[in-house]
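Student: Please take me through this structure one point at a time. I would like the cut-off behind each term as it comes up.

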Amino acid sequence: MKKKKELSLNTLYRIFIYVVLITLAISIIVPVGWVFVASIKENSEFYGSPWTMPKGFYFQNFIDAFEKANMGAYFMNSVIVTALALVILLVVALPAAYVLARYRFWGSKLINTLFMGGLFINVNYIVVPIFLMFVDADTLIRKIGGDGFFLNNLFVVALVYAATALPFTIYLLSGFFVTIPRDYEEAAYVDGSGYFRTMIKIMMPMAMPSIITVILFNFLSFWNEYVISMTLLTKDAKTLPVGLMNLMQAQRAAANYGQLYAGLVIVMLPTLILYIMVQKKLTQGMSLGGLKG
């Protein structure tokens, strides 16, 4: 009798979990699918029921979003900024995380503490001080006789992105490096491999699941970032989220909803494709990486 009760409770618990998971999946899939469907509708189709299927594939919405709304230029700016930020971040964070995880030296505990403290700093709170600092720097450069450098510069925005992502990235990567046995390094040293070569040839390939996790998380963060890019890019060189907000404001007034939803698809599609490509590596990296340590 007791076993039957336990079995029934387990069955009810599983049913409850499945219902919750299905509900969450529907709450995510339906809005995303609706945006994709709406992006291929003609403007006249939005005045009927919002749940009707499109009469055909109206690709002109994407052409107008790229050309008339300048989303193509914003898309390239986002690609450049995100790629630069990821490269800078990995070049700095990988050696730093490896050294902090595997070696002990004077000041290493203090550096680890400072990086851990950086996890609790909300980037949105320091955007204004960064902006004012860059304004002062550009003013000084103009007084010397040069042009402004720090504002409206995609490389500087990428540098700020990478700098703000360093604490979390180093925390995640160092947590993974700590779990790797030292036997691999000792064997490499016996074979005559130096510290740098051991890190590149031995440790980083073993840390690839965690590296892919870091790349995906930071790609999503950089690609969808709005506040920093809006603040530091005050002229035409805008990233995709800022351009999308401008498009939303313009198209609401013009009631051109197809072009608006096409812009939303342009923003979402790269992140969905990347997640589908690396979802297995992401799960592996989360289970083996810094969240374990």
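Student: In which helix does Ile-215 lie?

Tutor: This is a predicted model in which local features need pLDDT of at least 70 and side-chain atom pairs count only at pLDDT 80 or more, while totals for chains, interfaces and linings use all residues. Residues are numbered from 1 along each chain as its sequence is written, and side-chain values use heavy atoms, with hydrogens and water left out. Helices (H or I, at least four residues) and strands (E, at least two) are DSSP runs numbered from the N terminus. On that numbering, Ile-215 lies in helix H9.

Student: What is the relative accessible area of Ile-215?

Tutor: Buried means under 20% relative accessible area, exposed over 50%, and partly exposed in between, with a 1.4 Å probe and protein chains only. Ile-215 falls in the partly exposed class, because its relative accessible area is 28%.

Student: Which residues does Ile-215 touch, not counting those up to four places away in sequence?

Tutor: Contact means heavy atoms within 4.5 Å. By C-alpha position, Ile-215 is 9.6 Å from Val-87, although 128 residues separate the two in sequence. Beyond its sequence neighbours, the residues that Ile-215 touches are Leu-86 and Leu-90.

Student: Is Asn-218 buried or exposed?

Tutor: Asn-218 also lies in helix H9. With neighbours up to four places away set aside, Asn-218 touches Leu-86, Leu-89, Ala-165 and Thr-169. Its relative accessibility is 4%, so Asn-218 counts as buried.

Student: How far apart are the axes of helix H3 and helix H9?

Tutor: Two packed helices are described by the angle between their axes and the distance between the axes. Axes are lines fitted to C-alpha atoms, for helices over the stretch in contact, and angles run from 0 to 180 degrees between N-to-C directions. Helix H3 (residues 71-102) and helix H9 (residues 208-224) pack at an angle of about 140 degrees, and the distance between their axes is 10 Å.

Student: How are H3 and H9 oriented to each other?

Tutor: Angles under 35 degrees count as roughly parallel, over 145 as roughly antiparallel, 65 to 115 as roughly perpendicular, and the rest as oblique. A crossing is left-handed if the near helix is turned anticlockwise from the far one by less than a right angle, and right-handed if clockwise. The crossing of H3 and H9 is right-handed. Their orientation is therefore described as oblique.

Student: How many nonpolar residues are in the contact of H3 with H9?

Tutor: The H3 side includes Phe-75, Leu-86 and Leu-90, and the H9 side includes Ile-215, Asn-218 and Trp-223. Ala, Val, Leu, Ile, Met, Phe, Trp, Tyr, Cys and Pro count as nonpolar, Asp, Glu, Lys and Arg as charged, and the others, Gly among them, as polar. This contact has no charged residues, 3 polar ones, and a nonpolar count of 13.

Student: How are H8 and H9 oriented to each other?

Tutor: The axes of helix H8 (residues 195-206) and H9 come within 5 Å and cross at roughly 70 degrees. Met-204, Pro-205 and Met-206 of H8 make the contact with Met-208, Pro-209 and Ile-211 of H9. Its residues are 6 nonpolar, no polar and no charged. The orientation of H8 to H9 is therefore roughly perpendicular.

Student: Which residues in H6 are met by H4?

Tutor: Helix H4 (residues 108-118) packs against H6 at about 120 degrees, with the axes 8 Å apart, which means the pair is oblique. The crossing of H4 and H6 is left-handed. Phe-115, Met-116 and Gly-118 in H4 meet, in H6, Leu-166, Pro-167, Ile-170 and Tyr-171.

Student: Which residues have the most contacts inside the largest nonpolar core?

Tutor: A nonpolar core is a set of buried Ala, Val, Leu, Ile, Met, Phe, Trp, Tyr and Cys residues joined through side-chain atoms within 4.5 Å. The largest one has 62 residues. Leu-173, a member of it, is in contact with Ala-93, Ser-210 and Val-214, among others beyond four places in sequence. Those with the most contacts inside the core are Met-71, Leu-173, Phe-177 and Leu-232.

Student: Where does Asn-152 lie?

Tutor: Asn-152 is not a glycine, yet it has a positive phi of about 60 degrees. Asn-152 is partly exposed because its relative accessible area is 26%. Its place is the loop between helix H5 (127-144) and helix H6 (154-179).

Student: How many helices are in the chain?

Tutor: Buried residues make up 38% of the 293 residues in the chain. The chain has 0 strands, and its number of helices is 12.
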